[in-house]
Amino acid sequence: MTALAHPQECLQCGLCVTVCPVEMVGGHAIVTFMADPTATDFSVWLCTSCWRCQESCPGGIDIYGLMMAWRRQESDTAPEGYRVAFEHILAHGQAMAVSQEELDQMRAAWGLEPVRLPPPDVARRLLTPSPAVR
Amino acid sequence: MSTLAFYPGCLVLQRMPEYELATRAVLSTLGIELETVQEAVCCGSPVAESFTADWIYLSAYNLALIERMGHDTVVTICGGCTNSLARTARALQDPAVLSEANRRLAQFGLTVAGRVTPKHLVRLLTERLDDLRARIVRPLSLQVAVTTPCQALRPDDVMGFGDDPLEPQSIRRLVRLTGAEVLDYPGENECCGATLYLADSTLSLKAGRRKLEAVQEADALLLGCGNCQLLLRRFQRFIIRDRPSLRKRALFLPQLLGLALGLPEESLGLRKGVWLR
Ligand code: SF4
Ligand code: SF4
């Protein structure tokens, strides 16, 4: 990962590392870098979005915000799972593709009222900046 | 009878109809009907936010649909959806964000004011604790291990509803109403690791294994999030491939509550005779 400016407010106390579930199974998420700005053996894509680090951080650092900004900067390094899921959202407005017919059948079998899926291009349209600010 | 909007999110909508069924059954005993948001878009969590800072306009669209339905509360049953909707509602308090959202929504004939409060089922039920207690007719003798829907509780400054964001008690309180016991286990308040699956399936299964090993004493896992169900129940067969004895049953929170409320198993999406003897 390319370097990110280390936030000055970080006390390097390491608390974020001790509460991180990814660290507990031997992976290294962004918190590794927070506790040690020279660390290189981590990936910004490993975080599970549990927000425990941020909730525990005595420096009040927006760890999650930093991590997300970092991901966007390095989107070409995104793991396949992330890329495929994002493509699905853009193509179907849903994280997993399902047809209206399949959904109708499944819900009917469970005795649930039908639910209409969104127009397929809805996410793409919402994620396009409005002309006024382009 | 009161009616609230309901946003199942795509994971629950497409893969976990039993969770929706049980949620509806339990809420209807409290006099609450759920009206599903039609044509809702995926909240994007945590994927869209990883690629674009504009991710909030997905949830802004959903909030606009809910406003058009005339509701000011939307019930959610997945951690990720709750988090996205609530953080978006907060972001819409910035007038610049609000007007950009409305510019983007205009093409759909929608507007958003930002007046909707997203409430995870745990929060909604916690607000009706006494009401629920009064309706328990079938006390359960069962011990469950709670897995917390982390994203429905954190960040506390946005999601907060009076629970401790690091050692939450609300689900435990709801479980105890039913007579069931809550197992204390190491790592109870840690994320299950489901989202990690998108980036590294091996590590994710390892996190799931850690959870499963820690809850062996319990009769069942108790879930309040689609992501937890996905990893800990649906993918359980991959987690325990080399040690099938780790197998653990799972219940969604409203399924457990529904049993104690005396609701028929079928109405909770449960097979007959498995949980009640
Ligand atoms: S908990 Fe906060 S202050 Fe401590 S190392 Fe992590 S980011 Fe820095
Ligand atoms: S939010 Fe991510 S980095 Fe922080 S503790 Fe959770 S998994 Fe670790």
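**Notebook: chain B, a helix pair and a sheet**

I started with two helices: H2(B) passes H15(B) in a left-handed crossing (the near helix is turned anticlockwise from the far one by less than a right angle; clockwise would be right-handed). Helices here are DSSP runs of H or I with at least four residues, strands are E runs of at least two, and both are numbered from the N terminus.

A note on what I'm looking at: this is a predicted model, where local features need pLDDT of at least 70, side-chain atom pairs count only at pLDDT 80 or more, and totals for chains, interfaces and linings use all residues. Residues are numbered from 1 along each chain as its sequence is written, chains are lettered from A and ligands numbered from 1 in the order written, and side-chain values use heavy atoms, without hydrogens and water.

I looked up the angle next. The axes of H2 (residues 17-29) and H15 (residues 253-260) of chain B come within 8 Å and cross at roughly 40°. Axes are lines fitted to C-alpha atoms, for helices over the stretch in contact, with angles from 0 to 180 degrees between N-to-C directions.

Then I checked who touches whom, contact being heavy atoms within 4.5 Å. On the H2(B) side I found B:Glu18, B:Tyr19, B:Ala22, B:Thr23 and B:Val26, meeting B:Pro254, B:Gln255, B:Leu257 and B:Gly258 of H15(B).

On to the sheet. I read an open one of four strands, in the order S6-S5-S7-S8 (chain B), with parallel pairing; strands pair if DSSP finds at least two bridges between them. H15(B) turns up again here, lying across S5, S7 and S8 of chain B at about 80° to S8(B). S5 (residues 143-146) of chain B and S6(B) pair over two bridges in the parallel sense, and I noted B:Val144 opposite B:Val182 in S6(B).
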